[in-house]
Amino acid sequence: MTYTPADSYFGGSLAETDPAVAAALAGEARRQSDGIELIASENLVSQATLDALGSPMVNKTVEGYPGNRYYGGAEFADRVERLAVERAKKLFGAAYANVQPHSGSQANLAVFLAFLKPGATVLSMDLSAGGHLSHGASPNISGKWMNIERYGVDESGYLDYDQMADVARATRPELIIAGGSAYPRAIDFEAFREVADEVGAMFLVDMAHWAGLVAAGVHPDPVPIADVVTTTTYKNLRGVRGGIILSCRDDLDRKLNGAVFPGVQGSVILNAVAAKAVCLGEALRPEFRAYGEAVLANSRALAAALIERDITVLTGGTDTPIVVADLRPQGLTGAAASDALESAGLTPNKNGVPNDPQPPQVTSGLRFGSSAGTARGLDQDIFTQIGHWIADVLEALGAGDPGSVATRVRDEVAELVSHHPIYR
């Protein structure tokens with residue numbers, strides 16, 4: 001039997017060949033365009049990144065590393081991966097970079113595999129204090145396979161360095177992790193380095209939530225201090241979803257490369273690697289520093305506006321794109337508040353707070369981020385207005401009737417974002 005592909009297979013549009021998927025994607029495009037994205041782990045990629053993701057590189061499969069692949073036909077795959085590696089090393093001043101991890105969690109898992117055996121002791125920030133699932137939370141493979149010890153925050157919400165040091169001395173971890181997903185302040189990497197050296201631990205920094213600020217030179221840089229640094233390439237790096245592993249050391253390449261492939265991954269998602277190369281190249285441009293400065297200024301403006309409206313902001317401010325609000329004084333849950341704000345055209349995410357009495361599906365807090373709004377050109381004045389819109393909706397929710405306020409805010413948001421279009 002002879003197979004002849006239909007003309008539409010290579011030439012048909014998505015709308016023609018699969019209208020159901022096309023409709024869903026069009027709806028998502030409208031949702032992003034018509035509202036303001038405030039989820040700290042999201043951003044808006046460039047058209048060039050979209051082009052790389054949708055390129056025929058998606059058809060190519062390789063395993064291994066440039067110059068040592070297990071499949072042929074890898075000339076251009078090698079070229080694009082080398083570009084991504086070179087740009088990552090240049091951007092962060094690293095001696096080593098691996099751009100293959102499919103995600104930040106996958107990058108962290110590779111670090112665990114490279115240096116630890118099951119049952120090893122790891123010290124990381126408690127999830128309830130702002131840590132991350134992949135740093136040893138009990139539902140995650142890292143928490144199931146390793147002995148996890150935790151440090152947290154003090155009564156003001158700041159990282160408790162004395163507790164971290166005391167726990168390290170008592171438990172002698174093999175790996176200490178700094179970084180998290182909902183901790184808004186800059187971290188003293190030197191303090192961690194001193195403790196890690198004292199107890200003989202490797203030191204890992206997960207900078208996924210502020211890597212773009214590091215690249216822009218507006219946040220403390222962990223790369224010269226830590227043994228290994230992991231990050232995602234989205235959030236404030238403004239790129240494709242994926243992970244990177246970095247190190248200032250030139251003696252860890254074999255362990256880390258082997259831990260990624262064949263340790264925790266097989267073939268490379270090459271179109272994603274091409275898109276990583278694009279976003280890393282964009283971050284090397286002079287204008288990226290202005291973007292990083294604006295991300296930080298906007299998150300601080302948002303925090304100040306919320307505080308002005310008597311909403312509790314953890315630590316009283318932020319040094320990162322992250323702002324975390326504690327809604328317990330308002331008697332609100334994160335789930336209800338998030339739903340109300342989404343109906344108003346503002347999309348944050350519910351988030352736990354220290355000593356949260358609510359379960360993770362409900363929470364007592366909200367997490368906001370400034371990266372996506374900044375990418376579409378929103379400035380400090382607008383982020384101040386966003387803070388007041390948030391407060392208006394939360395006050396109405398607390399009074400039991402958020403509907404009319406949410407409608408008014410949604411209309412005002414729509415008018416605002418019409419002047420800041422995306423993907424024209």
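Trainee: Which residues line the second largest cavity, and what makes it a cavity?

Mentor: Its lining is made of Ala 129, Val 153, Gly 157, Ala 182, Tyr 183, Pro 184, Leu 314, Thr 315 and Pro 354. It is called a cavity because, on a 1 Å grid over the protein atoms alone, a 1.4 Å probe fits at its points but cannot get out, and a residue joins the lining if it has an atom within 4 Å of a point. Its volume is about 40 Å³, where volume is the space filled by probe spheres set on grid points joined across faces, edges and corners. Do keep in mind that this is a predicted model, with pLDDT of at least 70 needed for local features and 80 or more for side-chain atom pairs, while totals for chains, interfaces and linings use all residues. Residues are numbered from 1 along each chain as its sequence is written, and side-chain values use heavy atoms, without hydrogens or water.

Trainee: How does that lining divide by class?

Mentor: Seven residues are nonpolar, two are polar and none is charged. Nonpolar here covers Ala, Val, Leu, Ile, Met, Phe, Trp, Tyr, Cys and Pro; charged covers Asp, Glu, Lys and Arg; polar is the others, Gly among them.

Trainee: What makes the backbone at Thr 315 worth a remark?

Mentor: Its phi is positive, near 65 degrees, and it is not a glycine. Most residues other than glycine have a negative phi, and most peptide bonds are trans. Lys 235 is another case, with a positive phi of about 50 degrees, in the loop between β9 (228-232) and β10 (243-247). At 5% relative accessibility, Lys 235 is buried as well. For the peptide bond, look at Phe 261 and Pro 262, which are joined in cis with omega about 10 degrees; Pro 262 lies in helix α11 (residues 253-264).

Trainee: How many cavities of 30 Å³ or more are there?

Mentor: There are two. The largest cavity holds about 50 Å³, and its lining includes Gln 32, Leu 44, Arg 376 and Ile 422. That lining has four nonpolar, two polar and two charged residues.

Trainee: What makes the space of about 720 Å³ a pocket instead?

Mentor: A pocket is an open set of points with protein on both sides within 12 Å along at least five of seven lines. The largest pocket, of about 720 Å³, is lined by 34 residues, with Leu 127, Gly 131, Leu 133, Ser 181 and Asn 351 nearest its centre. Nine are nonpolar, 20 polar and five charged. The second largest pocket has about 480 Å³ of space. Its lining has 18 residues, and Gln 32, Asn 43, Val 45, Leu 50 and Tyr 423 are the closest to the centre. Helix α3 (19-34) supplies the largest share of that lining, five residues.

Trainee: Why is strand β5 called largely enclosed?

Mentor: Five of the five residues in β5 (residues 121-125) are buried, so the rest of the structure largely encloses this strand.

Trainee: How do you know that β5 pairs with β6 and β7?

Mentor: Two strands pair if DSSP finds at least two bridges between them. β5 and β6 (residues 147-151) share five, in the parallel sense, with Ser 124 opposite Arg 150. β5 and β7 (residues 175-178) have two and run parallel, so that pair just meets the rule of at least two. Leu 123 has Ile 176 of β7 as its bridge partner.

Trainee: How many disulfides are there, and how do you know?

Mentor: A disulfide is a pair of cysteine sulfur atoms within 2.5 Å. By that rule the count is zero. Cys 279 is buried at 0% relative accessible area, whereas Cys 248, at 31%, is partly exposed.

Trainee: Is His 388 buried or exposed, and what does it contact?

Mentor: His 388, in helix α16, is buried, since its 18% relative accessibility falls under the limit. Contact means heavy atoms within 4.5 Å, and beyond neighbours within four places in sequence, His 388 contacts Ala 305, Glu 308 and Arg 309.

Key: Buried < 20%, exposed > 50% of the residue type's maximum accessible area, 1.4 Å probe, protein only. Helix = DSSP H or I, 4+ residues; strand = E, 2+ residues; numbered from the N terminus.
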